[in-house]
Amino acid sequence: MADLVYRQNRITRTTHWINAIALIVLFMSGLQIFNAFPRLHWGNTTEPEEAFLSIAATNDEGDVRGHTELFGYRIDTTGFLGVQNTDLGPAPRAFPSWLTIPGFFWLAGGRRWHFFFAWIFTLNGLLYIIYNVANGHMRKFLLGPKDAALLPAMALYYLRLRKESPQQDEYNPLQKMAYTGVFLILTPLIILSGMAMSPQLNMAFNWLPSMFGGRQSARSVHFILTFLFVGFTFGHVLMALTTGALNNMRSILTGWYKETRPKPEEEPVWLETFTEEMIKKPAKIPVSRQLSAPTALEASPAPEEHPATPQAAQDNGTPSSESANEQSAPEPSGETSPTESKEAKKDVGE
Amino acid sequence: MSENNLDRSRRKLLLGAAQGAGLVLLSGCERMFNGLQQNQAFLSLLESAEGLNRRLLRAVTPRNKLAQEFNQGDISRTFKPNGNPPPITMDYVADAKNNWQTWRLEISGLVKQPGRFSLAELKSLPSRTQITRHDCVEGWSAIAKWKGVPLTEIMQRAQPAPAAQYVVFHCMDTDDNGSSYYESVDLLDANHPQTILAYEMNDRALPVEHGAPLRLRVENQLGYKHAKYIRKIEFVASYEKIARGKGGYWEDQGYEWYAGI
């Protein structure tokens, strides 16, 4: 049975997509703003020789090349960073036009987009947080000490070095860490570092740029956090695409999610309930319905019990022949498939 | 095996399709964003954030709270002189040659006492010295020491009329098209103790590339508000009739009038 469950309510879905749009616009307009001064510094000021990151173009007798320099290491990034190949030939430009808003170079325009969508991002985020704190959902994805202890096990599970997932709750420990990091560290810091670049807010709160080590440090932190956000978003999209892309999309667009995993309370299998399920499940397949016809059932009342441990079968005290039961029940596994049960029934019939 | 191959080629196909879709989406986005960028209604919507920012940021700033002031040792070795090249008019060059003795600062507009100040007269007024950080709209910052006469000293002498809302700074520098630089601040910023008309930079006469003989320092806003090469200060009720009506040279080209961000 695939149950459609209503997993994402209207507020979650709306804030999710507004957030997605806001993040894209903030990212691309932010790169437009960065392009006006494509260098990063620490401290308060920008002595030219002290940049730790710079994107620049050089023109060596008509050979226009783009360079990116990080801590003194220089790499040629012509075509992507520093110099963009356009229809009119190579053009000096830190980030290429397809990554910026607006696509042409216009700092004033980039600022307009950025500061408008910063409001959208903040208000939308506030709505989301208030709503989820109020309904208690926030608690479910914040990392607690118990989850922190499970982080290595979860990482091993993802790396396929561990068979069973240590997940206990609705969200697994790594998911919780990612969400907690984004909600409690990344988002507040990216907002604060953005605010720390405002001369007016620097006047109102002298400590604001100081907490980052100066206005230029705040600018660098803002830039670096941006790419952590990009990394999180890529991870998030990758996860959404690899764990049932269509189902996930349906859930975040309409709210309805097809639940395929058994519910936690169904997991422990008790003998009594198990036999019933064994009879019911193959019954949906016409062929196996014939096989589990009354004759088979009467000959041996519960051949389907075989997946249970032999010990459990004995406990149940079934009157079936011991030898047949022992032969057909070598697997203690709780799982079964139609073919397995078919074979088992054949054995019994013989 | 063949199933595996099929799986792999299908995966390749899907990946390719996804990449293609991504590219189409991206270029579609670019076109959409650029289209919206040309849309006046949408631009006005974006610009609506400016008023919100101005009101909020000013509301959280205590009255007469000072911008951070730095120490002598923090002064930058390099201070980029942005903007237009220095004026090359005959008047400016002549004034510079005779050490600004013939230069006058004109005070006009909605004031009870219009008049003219020589540089010597400005220097004889009470002064303020501050080591502050200059933040350019482009993103760079530099620290310098500025000495000048607080704008409030000028206002006390000129006595603006109640109708005066803005202080407009007319400058001597022009761009390639001949448009003169100008800027404006409102009375709130004009009355701030750190808003000064600077005639000294780093203990020396204001250099030509930094706006000699007189430039504005308005420490709660970005660099483009700090008008250089000032020749006239005009008190007005509205700046809509000046140049393209947005309150400043860069404002006329789309930048915010309120440059506190």
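In chain A of this predicted model, a hairpin connects strand β6(A) to strand β7(A) by way of two residues. The two strands, β6(A) at residues 82–86 and β7(A) at residues 89–93, run antiparallel to each other and pair over five bridges.

**The hairpin in chain A**
- Within the pairing of these strands, Thr86(A) has Gly89(A), a residue of β7(A), as its bridge partner.

**Extent of the contact between the chains**
- The contact draws 53 residues from chain B and 42 residues from chain A.
- Between them, chain B and chain A bury about 4,300 Å², and 58% of this area lies on carbon and sulfur atoms.
- Of the area that chain B buries against chain A, 14% is supplied by Phe33(B), Gln37(B) and Leu46(B), which is more than any other three residues supply.

**Polar and charged links**
- Five salt bridges are counted between chain B and chain A, and one salt bridge joins the side chains of Arg112(A) and Glu50(B), with a distance of 3.0 Å from N to O.
- Between chain B and chain A, 23 residue pairs are in polar contact, counting pairs in which both residues have pLDDT 80 or more.

**The side of chain B that touches chain A**
- At least two residues of this side come from each of α1 (2–38), α2 (40–59), β3 (128–135) and β4 (141–150) of chain B, and α2(B) gives the largest share, with twelve residues.
- Sorted by class, the side of chain B that touches chain A holds 24 nonpolar, 18 polar and eleven charged residues.

Notes: Residues are numbered from 1 along each chain as its sequence is written. Chains are lettered from A and ligands numbered from 1 in the order in which they are written. This is a predicted model: local features need pLDDT of at least 70, side-chain atom pairs count only at pLDDT 80 or more; totals for chains, interfaces and linings use all residues. Side-chain values use heavy atoms; hydrogens and water are left out. Contact means heavy atoms within 4.5 Å. Buried area is the accessible area (1.4 Å probe) that two parts lose on being put together, summed over both. A salt bridge is a side-chain nitrogen of Lys or Arg within 4 Å of a carboxyl oxygen of Asp or Glu. A polar contact is a pair of N or O atoms within 3.5 Å; within protein, one must be able to donate a hydrogen and the other to accept it, and residues adjacent in sequence count only if both atoms are side-chain atoms. Helices (H or I, at least four residues) and strands (E, at least two) are DSSP runs, numbered from the N terminus. Ala, Val, Leu, Ile, Met, Phe, Trp, Tyr, Cys and Pro count as nonpolar, Asp, Glu, Lys and Arg as charged, and the others, Gly among them, as polar. Two strands pair if DSSP finds at least two bridges between them.
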